[in-house]
Amino acid sequence: MSRLSCQLEDVSVKDGGADVLGPLSLTFEATGLLLVMGPNGAGKSLLLRVMHGLTKPSAGRVLWNGAPAEETLKERGFVFQTPPLLRRSVRANVIFPLKALGRRCEPERIDNALTDARLLELADRPAALLSGGERQRMAVARALVCEPRVLLLDEPSASLDPASTKSLEEMILAAVQSGIGVVLSTHDPAQARRLGGQLIFLDAGRIVERQSTEAFLMRPLSVAGSNYLYGRI
């Protein structure tokens, strides 16, 4: 699978005239795992939405391999913290994005996605009856079935129990191992330690650190990062 590079050039998002994100610049190769951490209100979710092209910056631009983010949406998948559900079966939810993109819905492909999400036995159950962890795994399967080059996940395990979180993390790591670039926001240092990869730390809408996850957790370089890890913000 070919790689994508992402470039944010002097990006900012304003709300009521004030910057709630940025201005910031960031360039990275969308390979492996990139974690986005920071306290509540730091702008993690907003940054992912801007990266993907769901939210247009007030200033600056976002490019993927030189093309505007909003023109390359089909190359990426996005999983919300609270995923939208269709009032249909689990299988129908997974099939839906393929139909929306006009792609073929081979039964084997769908079954493989459901198997990877541990949902094959629940395929004909109404999606509304799934537990929180099952819903999130379905949302990841729904994104992965379209074979994205990059997957962005907005705090996907924020409200899950440890067992559900573990299952979801296994899916995420499997996606990384298959060659899909993953950008994931999290507020949980323990999760960051388990997942590893690279990390950027946000504070008040600005990037204040960028280093390996292991290095950040051992010795943050910024006062904000240290205050965050030690529960002072």
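Two residues are said to be in contact when heavy atoms of one lie within 4.5 Å of heavy atoms of the other. In this predicted model, Leu 86 is in contact with Ala 92, Asn 93, Phe 96 and Ala 127, when its neighbours within four places in sequence are left aside. Leu 86 itself belongs to the loop between strand 6 (76–79) and helix 2. Its relative accessibility is 24%, so Leu 86 counts as partly exposed. Between the C-alpha atoms of Leu 86 and Arg 232 the distance is 40 Å, and 146 residues separate the two in sequence.

Helix 2 (residues 90–100) packs against a further helix. Two packed helices are described by the angle between their axes and the distance between the axes. The axes of helix 2 and helix 4 (residues 132–144) come within 7 Å and cross at roughly 35°. The crossing of these two helices is right-handed. On the side of helix 2, the contact is made by Val 90, Asn 93, Val 94 and Pro 97, which meet Met 138, Ala 141 and Arg 142 in helix 4. Of the residues in this contact, 5 are nonpolar, 1 is polar and 1 is charged.

Helix 4 also takes part in covering helix 5 (residues 162–177). The buried residues of helix 5 are Ser 164, Thr 165, Ser 167, Leu 168, Glu 169, Met 171, Ile 172 and Ala 175. Their cover includes helix 3 (107–116), helix 4, strand 7 (150–154), strand 8 (181–185) and helix 6 (189–195). With 16 residues at 1.5 Å a residue, helix 5 should span 22 Å, and this agrees with the 22 Å between its end C-alpha atoms.

An open sheet is formed by 4 strands in the order 2-1-4-5, with antiparallel pairing. Strand 2 (18–29) and strand 5 (67–68) stand at the edges; each has a single partner strand, so one side of each is left without a neighbour in the sheet. Within the sheet, strand 1 (residues 5–15) and strand 4 (residues 59–64) pair in the antiparallel sense over 5 bridges. Glu 9 has Arg 61 in strand 4 as its bridge partner.

Helix 1 lies across strand 1, strand 2 and strand 4, and runs at about 60° to strand 2. Because 7 of the 9 residues of helix 1 (residues 44–52) are buried, this helix is largely enclosed by the rest of the structure. The buried residues are Lys 44, Leu 46, Leu 47, Leu 48, Val 50, Met 51 and His 52. Just after helix 1, Gly 53 adopts a positive phi of about 105°.

A positive phi also occurs in the turn of a hairpin formed by strand 9 and strand 10, where Ala 204 has a value of about 55° and 2 residues lie between the strands. Strand 9 (residues 198–203) and strand 10 (residues 206–212) are joined by 6 bridges in the antiparallel sense. Leu 202 stands opposite Ile 207 in strand 10.

Asp 203 is located in strand 9. Since its relative accessibility is 25%, Asp 203 counts as partly exposed. Apart from neighbours within four places in sequence, Asp 203 is in contact with Pro 39, Ala 42, Val 208, Ala 224 and Ile 233. Asp 203 and Cys 105 are 98 residues apart in sequence, and their C-alpha atoms are 42 Å apart in space.

Conventions: Residues are numbered from 1 along each chain as its sequence is written. This is a predicted model: local features need pLDDT of at least 70, side-chain atom pairs count only at pLDDT 80 or more; totals for chains, interfaces and linings use all residues. Side-chain values use heavy atoms; hydrogens and water are left out. Buried means under 20% relative accessible area, exposed over 50%, partly exposed in between (1.4 Å probe, protein chains only). Axes are lines fitted to C-alpha atoms, for helices over the stretch in contact, and angles run from 0 to 180 degrees between N-to-C directions. A crossing is left-handed if the near helix is turned anticlockwise from the far one by less than a right angle, and right-handed if clockwise. Ala, Val, Leu, Ile, Met, Phe, Trp, Tyr, Cys and Pro count as nonpolar, Asp, Glu, Lys and Arg as charged, and the others, Gly among them, as polar. Two strands pair if DSSP finds at least two bridges between them. The expected span of a helix is 1.5 Å times one less than its number of residues.
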